[in-house]
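Welcome to this short tour, written as a note from one colleague to another. Please keep the picture open while you read, and look for each part as it comes up.

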Amino acid sequence: MNASSLAKAVVDGILTGGVYALMAAGLTLIFGVMDIINIAQGALIVLGAYMSYVLSVHLGIDLFLGLFITIPAFFALGVFIEWAFMRRLHERDRTAMSILVTYAVAIIIEGVLSVIFGVDYLQLHASYTDSTFHVFGFYLPYIYVFGFLLAVALLGALYWILYRTHFGRGVRGSLQNRIAAELIGVNVNRVRAVSVGIGVAVTAAGGMLFGATNAFNPSSGYDLISRLLSIVILAGLGSIGGALVAALFMVTLEDVVAVVWSPVWATLVYYASLIVVLSFRPGGLFGKAAVRAQ
Amino acid sequence: MSALIEATGVCKSFGGLQALSDCSLSVTEGQIAGLIGPNGSGKTTLFNVMTGYERCNQGEIRLRGEPISRATPERVFALGVGRTFQITRLFFRLTVLENMLVATQRHEGWIRSAVRRAGSVAERGRALELLEFVGLDRLAHSPAGILSYGQRKLLELASLLVADPEVLLLDEPTAGVNPTLINQLTERIRELNRAGKTFLVVEHNMEFVMGLCQQVTVLHQGRTLVTGTPEEVRANPAVLDAYLGGADDDDL
Amino acid sequence: MSARWSVRALLVAIGIAVLGLFPLVFSNPTTTSIAEFTLIFMVAASAWNMFSGSSGYIALGHAVYFGCGAYALALLANHLGFAAGWGVFALVPVAGIVAGLIAIPTGLIALRARRHTFVVITIAFMFIFQLAASNLAFTGGTSGLQPPTPLWSVKAYNDNFYYVTAVVLVVTVTLAWLVRRSRFGLQLLAIRDDEERARGLGVRVARIKLTAYVLSAIPVGMVGGIYAYFLGQIFPQFAFDPLFDLSIALMAFIGGLGTLAGPLLGALVLEALQQYFTVQYGASQAYLIIYGALFLAVVLLLPRGVIPSAQELIERWRVRASAPGSEPEEPGRAGDVVKTAGVR
């Protein structure tokens, strides 16, 4: 362990963290607007990876270009999920029920993927996934950098939608206070459908990037969702900004711990931090839940 | 007579909103006291602070002279203070009788509570007596969800009485209730008061308050404006100002 | 009312008779093996239901206690030099207690959170324990542990395990029954309906939730120990398995959250289903699709589960024949009678 490997861990962490930030933002957005915890987010990311796989291997479409297909498709999928499953959940035990429902959706996705693709590990490849930049004495794989840039671009788009459009104002209003937003006349159904659509659309991008940098199989969703949940809950459900910060921080921390201590215990960092933070601030660090506890 | 329950100099803020400032209120043992004020004046917040659902930033709540400002709602109830809510809260999936049996009896051991049948013969008897007192005994085994609005309020009150509290804080007991039922409620409260119970009632219904309470406190924008007998309060110009200057209120 | 009680007593008697006679009638080892797994899940689902079904706090991390029980039994049996045989069964209650002890700190932490965060924390704990078990030396890492294996004939092996598990089942269901009819159980149900109001009635919610949580962990730990001993081998990913959590929740849901017989019925149905799939399709992942679809169907269409819905139907039939307002069967589900009696 020396300064250079430590620095590399930090850089890797930030680059990967950006991608996780994107996916975590999607997850927390869905909660913020719907009061629903989408456990299927991990499985959807894996699904996104497989979609990109099919496009690239069977249709020869470039990974990044393929996103022009997968992102809208996943948006539609998100809208469908909201309409088919989430709308039926009664206001009462909504959040708890949503966990069970989305968990069920997640294992259905896992089952379908297993049947179609089998359980062998795959990884996405392109001409650039194995090349690296040589910068400041570091070797940064192209894909990590591109992925980070894509994540930033998409987060920027998300920011633009939320803060610069009329629709976005409706979403932010719903995030703060759904009942008031309804009273003001925000089209709640549309806000919900689109929010879930966006939340799921980001998993298409996240899936492609995840698949390009990791070997994956249908069961990879569990690990993903546990990390994302830890990030989102630690930040505080409903706080998008908080999710971004938490994602960057946790992923970087994991990479650093892997270098400083041992890769094996690095994953423990997530859960341990989660439990530590929740012991002191049950609503998370920046949480809507904490604010709403009034 | 000494104050049974009192709030002194209570301040409570939520984020930037100052809900209560230097609020003081004292209820003597055996009194029926009223708490009135325009909407948003902080009445329910004060209740929450007094019963442990909220912590005040400053000030003190005392019960029989002992501070209870930091007590949890469970503890407050165990000390003899019962409270109803503005929007009637019940355990809707339980029966009326079961609702009566939930309240912790003060002297029950921990292990026994875990394995003994819920509600001994004596407890059930008492619960049924109380249900009779509020006229709900025929519905004892029906789910609480089927009760009418007025009946729910009665059940909410009755379920507090099971543990024989000394002080009862009622949050808008007559809201949305028909006049016949209001009379019934008034009678019950008077009876309980004659039996020694102390009341603090939040209300918008002026007739009800003026007719029932011996002492009335007016809250306005989180401050105690004036405390006195109903006649004194009614004649006080500051009170009229507060109401007419406030957002609503046509029941003066 | 007395007629209803004697019907129930009869059903219970029949149930126990079936339980006791099953291996004698169906002596095929494959069948008794399936029965053994079914019993294990019945215990786990019932125990889970004792807490989650009554309080409304959905715990999806009971695999922690299952796994801890499994590892506890294996470790103790190996390190204390137990000879394989009946003696090891004495460690089953110990496994349960170990699980219960671990449930105390984990429960304390998890229960500080609100309902939805609670679920996630229980899931997080499950992954932590799985990780720890995979990487610590004394748990054997990814190779796991092997408790001693008794040298019984195949038939005697299955039968012995069956009866031990049956005893645990009877104890667990009795415990669940006692809790249900006690004030403690009533207060749990009150917590489910309106926790804040319950506090205002003096219910010491923190203490009650934790006690129910720990109580529910103990039987799960016991069957975890039995499971380890039965298989003769435990691995981290089987001992701490997210699908285990989902299964027992699903079983309780299908049967009816908060009822006594619900988890038993659910376990029966689901285990039978799973075994069928294993036989028909081998160890394919296709059963995941069925599981998920079933779960969705139950949660969305039959949110109260089979038994309450069936009871509703029976009530509807009874109400047509007699006056409304009669005493409902089990506390807390009076709400079902509302719809059927048409009283509103």
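**Notes on the model**

1. Let us start with one pair: B:V81 stands opposite B:V167 in β7(B). Their strands, β6(B) and β7 (residues 167-171) of chain B, run parallel and are joined by 3 bridges. Strands (E, at least two residues) and helices (H or I, at least four) are DSSP runs, numbered from the N terminus, and two strands pair if DSSP finds at least two bridges between them.

2. Before going on, note that this is a predicted model: local features need pLDDT of at least 70, side-chain atom pairs count only at pLDDT 80 or more, and totals for chains, interfaces and linings use all residues. Residues are numbered from 1 along each chain as its sequence is written, while chains are lettered from A and ligands numbered from 1 in the order in which they are written. For the complex, the predictor gives an ipTM of 0.85 and a pTM of 0.85.

3. Which strands make up the open sheet of 6 strands in chain B? The order is β6-β7-β8-β3-β9-β10, and the pairing is mixed. β6 (81-83) and β10 (223-228) of chain B each have a single partner strand, so they stand at the edges and one side of each is left without a neighbour in the sheet. From one strand to the next, the twist averages 15°. Strands of a sheet pair through backbone hydrogen bonds, either parallel or antiparallel.

4. Is strand β9 (residues 215-220) of chain B mostly covered or mostly uncovered? It is mostly covered, with 6 of its 6 residues buried (buried means 20 or more other C-beta atoms within 10 Å of a residue's own, exposed 12 or fewer, and partly exposed in between; C-beta atoms are placed from the backbone). B:Q215, B:T217 and B:L219 point one way from β9(B), B:V216, B:V218 and B:H220 point the other way, and all are buried. In a regular strand the side chains alternate between the two faces of the sheet.

5. Now for the partners of β9(B). Strand β3 (residues 32-36) of chain B runs parallel to β9(B), joined by 4 bridges, and the bridge partner of B:G34 in β9(B) is B:V216. With β10(B), the pairing of β9(B) is antiparallel over 5 bridges, and B:L219 stands opposite B:T224 in β10(B). β9(B) and β10(B) form a hairpin with 2 residues between them, and B:Q221 in the turn has a positive phi of about 50°.

6. Chain B also holds an open sheet of 4 strands, in the order β2-β1-β4-β5 and with antiparallel pairing. Here β2 (17-28) and β5 (66-67) of chain B stand at the edges, each with a single partner strand, so one side of each is left without a neighbour in the sheet. Strand β1 (residues 3-14) and strand β4 (residues 58-63) of chain B run antiparallel and share 5 bridges; B:T8 has B:E60 in β4(B) as its bridge partner.

7. Turn to chain A and its helices α5 (residues 142-164) and α8 (residues 188-213), which pack at an angle of about 175° with their axes 10 Å apart. Axes are lines fitted to C-alpha atoms, for helices over the stretch in contact, and angles run from 0 to 180 degrees between N-to-C directions. That makes α5(A) roughly antiparallel to α8(A) (over 145 degrees; under 35 is roughly parallel, 65 to 115 roughly perpendicular and the rest oblique). Among the residues that meet are A:L150 and A:L154 in α5(A) and A:V202 and A:L209 in α8(A); residues are in contact if their C-beta atoms, placed from the backbone, lie within 7 Å.

8. Finally, chain C has 14 helices and 0 strands, and buried residues make up 53% of its 344 residues. The average pLDDT of chain C is 83, and 90% of the residues score at least 70 (pLDDT is the predictor's confidence in each residue, from 0 to 100). Over residues 324-344 of chain C the pLDDT is below 50, though this stretch has 55 contacts in the model beyond near neighbours in sequence.

9. C:F138, in the loop between α5 (115-135) and α6 (154-181) of chain C, is exposed, with 10 other C-beta atoms within 10 Å. A:L237, in the loop between α9 (221-235) and α10 (240-260) of chain A, counts as buried, with 30 C-beta neighbours inside 10 Å. A:L237 and A:G283 are 46 residues apart in sequence and 7.8 Å apart in space, C-alpha to C-alpha.

Definitions and conventions:
Two residues are in contact if their C-beta atoms, placed from the backbone, lie within 7 Å.
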